[in-house]
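Subject: Structure handover

Hello,

Please find the structure below, followed by notes on what was found in it. The notes go from the whole chain to single residues.

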Amino acid sequence: MYTNPLTQIITLKTLKQAYAQVSKASVGLDRVSVELFEEVLTGSLQEIVDDISKKRYAPEPLSRIYVPKEQS
């Protein structure tokens, strides 16, 4: 279990490391492509870090996707 405050775990450095692992073919729920997000990457990630530190960050709800399965 983590005992560090969120502000020590979620930093600009760790968000950039996580972003580096995102598939370049990915598109977010807001339909922003990776290429478009890269144009404002540092500012966007810094905004997330600032919002977390000021307890203003509220993530978007998860999106459920149903995958059809073959009936047996």
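**The chain as a whole**

The protein chain has a radius of gyration of 16 Å, whereas a compact globule of 72 residues would have one near 11 Å. Please keep in mind that this is a predicted model. Along the principal axes, the C-alpha atoms of the protein chain fill a box of roughly 50 × 35 × 20 Å. Of the 72 residues in the protein chain, 12% are buried.

The secondary structure consists of four helices and zero strands. In sequence order, the pattern of the protein chain reads α-α-α-α. Taking the contacts between residues at least 6 apart in sequence, 50% join residues at least 24 apart.

**Helices H2 and H4**

Two packed helices are described by the angle between their axes and the distance between the axes. Here the pair is helix H2, residues 12-20, and helix H4, residues 41-53. They pack at an angle of about 125 degrees, and their axes are 9 Å apart. That angle makes H2 oblique to H4. The crossing in which H2 passes H4 is right-handed.

Which residues meet in this pair? On the H2 side they are Leu12, Leu15, Lys16 and Tyr19. On the H4 side they are Leu41, Thr42, Leu45, Gln46, Ile48 and Val49. By type, the residues of the contact of H2 with H4 divide into seven nonpolar, two polar and one charged.

**Leu15, in H2**

Leu15 is found in helix H2 and is one of the residues that meet H4. Is Leu15 buried or exposed? Its relative accessible area is 19%, and Leu15 is therefore buried, the limit being under 20%. Leaving aside neighbours within four places in sequence, Leu15 is in contact with Ile10, Leu45, Ile48 and Val49. Leu45, Ile48 and Val49 are also listed among the H4 residues that meet H2. Leu15 and Phe37 are 22 residues apart in sequence, and their C-alpha atoms are 13 Å apart in space.

Asp51 has its place in helix H4. With a relative accessibility of 16%, Asp51 counts as buried. Apart from neighbours within four places in sequence, Asp51 is in contact with Arg56 and Tyr57.

The segment after H4 holds Lys55. What is the phi of Lys55? It is near 55 degrees, a positive value in a residue other than glycine. Most residues other than glycine have a negative phi. Lys55 is exposed, because its relative accessible area is 76% and the limit is over 50%.

**Pro5, before H1**

Pro5 lies in the segment before helix H1, which covers 6-9. At 41% relative accessibility, Pro5 counts as partly exposed. Where is Pro5 in relation to Ser53? The two are 48 residues apart along the chain, and their C-alpha atoms are separated by 9.6 Å.

**In brief**

The model is predicted, with four helices and zero strands and a radius of gyration of 16 Å. H2 and H4 pack at about 125 degrees in a right-handed crossing.

Regards

Notes. Residues are numbered from 1 along each chain as its sequence is written. This is a predicted model: local features need pLDDT of at least 70, side-chain atom pairs count only at pLDDT 80 or more; totals for chains, interfaces and linings use all residues. Side-chain values use heavy atoms; hydrogens and water are left out. Axes are lines fitted to C-alpha atoms, for helices over the stretch in contact, and angles run from 0 to 180 degrees between N-to-C directions. Helices (H or I, at least four residues) and strands (E, at least two) are DSSP runs, numbered from the N terminus. Angles under 35 degrees count as roughly parallel, over 145 as roughly antiparallel, 65 to 115 as roughly perpendicular and the rest as oblique. A crossing is left-handed if the near helix is turned anticlockwise from the far one by less than a right angle, and right-handed if clockwise. Contact means heavy atoms within 4.5 Å. Ala, Val, Leu, Ile, Met, Phe, Trp, Tyr, Cys and Pro count as nonpolar, Asp, Glu, Lys and Arg as charged, and the others, Gly among them, as polar. The radius of gyration is taken over C-alpha atoms; the globule rule is 2.2 Å times the number of residues to the power 0.38. Buried means under 20% relative accessible area, exposed over 50%, partly exposed in between (1.4 Å probe, protein chains only).
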